[in-house]
Amino acid sequence: MPLTSYGVLSARVIDVRRETGDTPHYQIHLVDNDDRHYRAAVNVESSQQPSDLLYFAADNLQHPLTAALPPAGSGWNKLDSQPGGAALDYLRANVVTREQMRPVPPDAEGPNNDLADFLDHYVRRAQQDPTATAYLYGEPWGPEDNPDKIFGFQPGNGVHNVHMNQGNSEQYQEDDGVWQDGGLLLHFGDENRWVAVFMAFQTQSWHTDDETGHALPAPEDTETASIRVVAAMVNPVGGGRENETITLLNTSDHTISLAGWTLADARKNTMPLPVPDIAAGQTLQIPATEHFELGNDGGQITVLDPHDLKVHGVTYTAEQAATEGRTVQF
């Protein structure tokens, strides 16, 4: 079963607490526009080996997802676990790849070398910035009868599972689901800049079933990861879908067969790749077909292998697509 409930908390950061011990968390105290208090309990260590979490921070996130988020300071917002809205899915929304993430220890001596340090770098800055808003994705708890056990406000109330929530090992696969991943987004209003922090367990799979979110076997042919979307013409001069194109690059040192491969858009419309293979180091410019949508209000492009497993994916925003005739580079 997926998470019991799913959504995003929008509030201001007012305090943080670093924990150590058997099940350490990075605790964040937040308050919304109606003066409701919340605690976000962010895992910094796994109970399974390897225990170090995978971590990636995007210092300047540009993704259509941000335009769908609820108003700043609006508190807890329940979300439908489906595409097209504000729900988060690491794999299907093309927000982060396994290659971008790296394992980080929960706590280590010295500065700027553990997960709590990295979270501090962004969260404490948001705490000090009156224009900053935090968005915490995950599963809610509360309200509780007792005061919050960390910060003491009452009633206890908050959000947890602020990490990838699919592809789990057998022990935790009851939490699997699609479009229900956790994460931390920070909007710094003065700069109009988004920072995104993504976390996952090393035991989680990055190939999951589209219905259940359960782990799927990784592709046997790892060379397919060499195919990348590097550019797209999404807003051609004069319009016309027939002038929209997607450019792929083979980064490997040999020819790769593209038989059975497809591209998918944000609505999961697909189109087959029009050539049998792509040579080493070569690019392939593909015209978009009639039912493949590269909208000017933002979108995404995903490469799928013959088994419908994701090989690579990118997104673009309305701002990136605003200039007519300009190629979006990924």
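Let's start with an open sheet of four strands in the order β17-β12-β11-β20, paired in antiparallel fashion. β17 (283–287) and β20 (328–329) sit at the edges with a single partner strand each, so one side of each has no neighbour in the sheet. This is a predicted model, where local features need pLDDT of at least 70 and side-chain atom pairs count only at pLDDT 80 or more, while totals for chains, interfaces and linings use all residues. Residues are numbered from 1 along each chain as its sequence is written, and side-chain values use heavy atoms, with hydrogens and water left out.

**Terms used below**

- Helices (H or I, at least four residues) and strands (E, at least two) are DSSP runs, numbered from the N terminus; two strands pair if DSSP finds at least two bridges between them.
- Buried means under 20% relative accessible area, exposed means over 50%, and partly exposed is in between (1.4 Å probe, protein chains only).
- Contact, or touching, means heavy atoms within 4.5 Å.

- β11 (residues 227–233) and β12 (residues 245–250) run antiparallel and are joined by six bridges.
- Within that pairing, V229 faces L248 in β12 as its opposite number, and R228 stands opposite L249 in β12.
- On to the next pair: β12 and β17 also run antiparallel, with five bridges joining them, and T245 stands opposite P287 in β17.
- Five of the six residues of β12 are buried, so the strand is largely enclosed by the rest of the structure.
- In a regular strand the side chains alternate between the two faces of the sheet.

**L249 and S226**

- L249 is found in strand β12 and is partly exposed, with a relative accessible area of 23%.
- Setting aside residues up to four places away in sequence, L249 touches S226, I227, R228, V230, I278, G281, Q282 and T283.
- The C-alpha atoms of L249 and G260 are 17 Å apart, with the two residues eleven apart along the chain.
- S226 lies in the loop between β10 and β11 and is buried, at 15% relative accessible area.
- Apart from its neighbours within four places in sequence, S226 has contacts with L249, N250, T251, S252 and I256.

**The nonpolar cores**

- A nonpolar core is a set of buried Ala, Val, Leu, Ile, Met, Phe, Trp, Tyr and Cys residues joined through side-chain atoms within 4.5 Å.
- The largest one has 34 residues, and Y26, I28, L30, Y55 and L136 touch the most other members.
- Elements that each supply at least two residues of this core include β1 (7–18), β2 (25–31), β4 (53–58), α1 (115–128) and β7 (132–141).
- The biggest contributor to this core is α1, with seven residues.
- A second, separate core has 30 residues, among them L3, L54, L88 and W194.
- Back to Y55: leaving out residues up to four places away in sequence, Y55 touches Q100, M101, R102, V104, L115, F118, Y122, V197, F198 and M199.

**The largest pocket**

- On a 1 Å grid over the protein atoms alone, a pocket is an open set of points where a 1.4 Å probe fits, with protein on both sides within 12 Å along at least five of seven lines; lining residues have an atom within 4 Å of a point.
- The volume of the largest pocket is about 820 Å³, counted as the space filled by probe spheres set on grid points joined across faces, edges and corners.
- Its lining has 30 residues, and P64, L65, D297, G298 and G299 lie nearest the centre of the pocket.
- The lining splits into twelve nonpolar, twelve polar and six charged residues; Ala, Val, Leu, Ile, Met, Phe, Trp, Tyr, Cys and Pro count as nonpolar, Asp, Glu, Lys and Arg as charged, and the others, Gly among them, as polar.
- β10 and β18 (298–304) each supply at least two residues of the lining, and the largest share, three residues, comes from β18.

**The β18–β19 hairpin**

- β18 and β19 run antiparallel and are joined by seven bridges, with L304 opposite K310 in β19.
- Five residues lie between the strands of this hairpin, and D308 takes a positive phi near 65°.
- β19 (residues 310–317) is mostly covered, with seven of its eight residues buried.

**A buried loop residue**

- N157 is in the loop between β7 and β8 (158–160) and counts as buried at 16% relative accessibility.
- Not counting residues up to four places away in sequence, N157 touches H37, Y38, R39, W141, G142, P143 and E144.
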